[in-house]
Amino acid sequence: PQTLLSVQAWIEIEKLQKWIFEKKHNWGGYSLSLENICYKVVEGSFDQPCFQVSPLECFKEGNIFVPGGLNNSQYNSIYANRLSFKNPEQFNLTEDFTLEYMQNSCRNWLQIRSPYKMSFGPRHFKHS
């Protein structure tokens, strides 16, 4: 069984979110995607990421919903300084993924703390 304390589980989440973001649907002659409609819902500008609640927000890989990726310096920079779950020398999921880490690092592009219980479920977290 997979656990969120494995890199493979996080890679699966990343792949799913990338698929959600890139999925296109043709409807009535229009090609619709999450990027086309999400920013209009929150009445933001075209370069703002989609508002989401995702465990990826805790890491560098949370930039997956930033339109333009690395070229969007305003919003990509928020994620650039976060740790990567893919680098075990930088971040050890079993040792470093504590409640304190989540409270300080799991924030979306608006810098609002993500509700970690909603993302990760009601479990006991190791306090650092």
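This is a predicted model: local features need pLDDT of at least 70, side-chain atom pairs count only at pLDDT 80 or more; totals for chains, interfaces and linings use all residues.

Q: Which residues have the most contacts inside the largest nonpolar core?
A: Trp10, Phe59 and Phe97. That core has 16 residues.

Q: Which elements give two or more residues to this core?
A: Helix α1, residues 7–22, and helix α5. As background, nonpolar side chains in soluble globular proteins tend to be buried together.

Q: On to aromatics. How many aromatic pairs turn up in the whole structure?
A: The search finds 10. One of them is Phe59 with Phe85.

Q: Why is that pair called edge-to-face?
A: The ring planes of Phe59 and Phe85 sit at 75°, and over 60 counts as edge-to-face. Their centres are 5.7 Å apart.

Q: Where do the two residues sit in the chain?
A: Phe59 is in the loop between α2 and α3. Phe85 is in the loop between α3 and α4, which covers 93–96.

Q: Which residues form the aromatic cluster?
A: Trp10, Phe59, Phe85, Phe91, Phe97 and Tyr101 form one cluster.

Q: Switching to cysteines. How many disulfides are there?
A: The count comes to 1 disulfide. Cys58 and Cys106 form it, with their sulfur atoms 1.9 Å apart.

Q: Which parts of the chain does it link?
A: Distant ones, 48 residues apart. Cys58 is in the loop between α2 and α3 (73–80). Cys106 is in the loop between α5 (99–105) and α6 (116–120).

Q: What is the handedness of the link?
A: Right-handed, with 110° about the S-S bond.

Q: Are these cysteines buried or exposed?
A: Both Cys58 and Cys106 are buried.

Q: Now the outside. Which residues form the nonpolar patch on the surface?
A: Trp27, Tyr30, Leu32 and Ile37. Together they have about 470 Å² of accessible area.

Q: Where does Ile37 lie?
A: In helix α2, residues 34–41.

Q: Why does Ile37 count as partly exposed?
A: Its relative accessible area is 44%. Partly exposed is the range between the 20% cut-off for buried and the 50% cut-off for exposed.

Definitions and conventions
Residues are numbered from 1 along each chain as its sequence is written. Side-chain values use heavy atoms; hydrogens and water are left out. Patches are made of residues with over 30% relative accessible area and no salt bridge: like charges are joined within 9 Å, nonpolar side chains (Val, Leu, Ile, Met, Phe, Trp, Tyr) within 5 Å. Accessible areas come from the Shrake-Rupley method with a 1.4 Å probe; for residues, only the protein chains shown count as cover. A salt bridge is a side-chain nitrogen of Lys or Arg within 4 Å of a carboxyl oxygen of Asp or Glu. Helices (H or I, at least four residues) and strands (E, at least two) are DSSP runs, numbered from the N terminus. Buried means under 20% relative accessible area, exposed over 50%, partly exposed in between (1.4 Å probe, protein chains only). A disulfide is a pair of cysteine sulfur atoms within 2.5 Å. A nonpolar core is a set of buried Ala, Val, Leu, Ile, Met, Phe, Trp, Tyr and Cys residues joined through side-chain atoms within 4.5 Å. Rings of Phe, Tyr and Trp (its six-membered ring) pair if their centres lie within 6.5 Å; planes under 30 degrees apart count as stacked, over 60 as edge-to-face and the rest as tilted.
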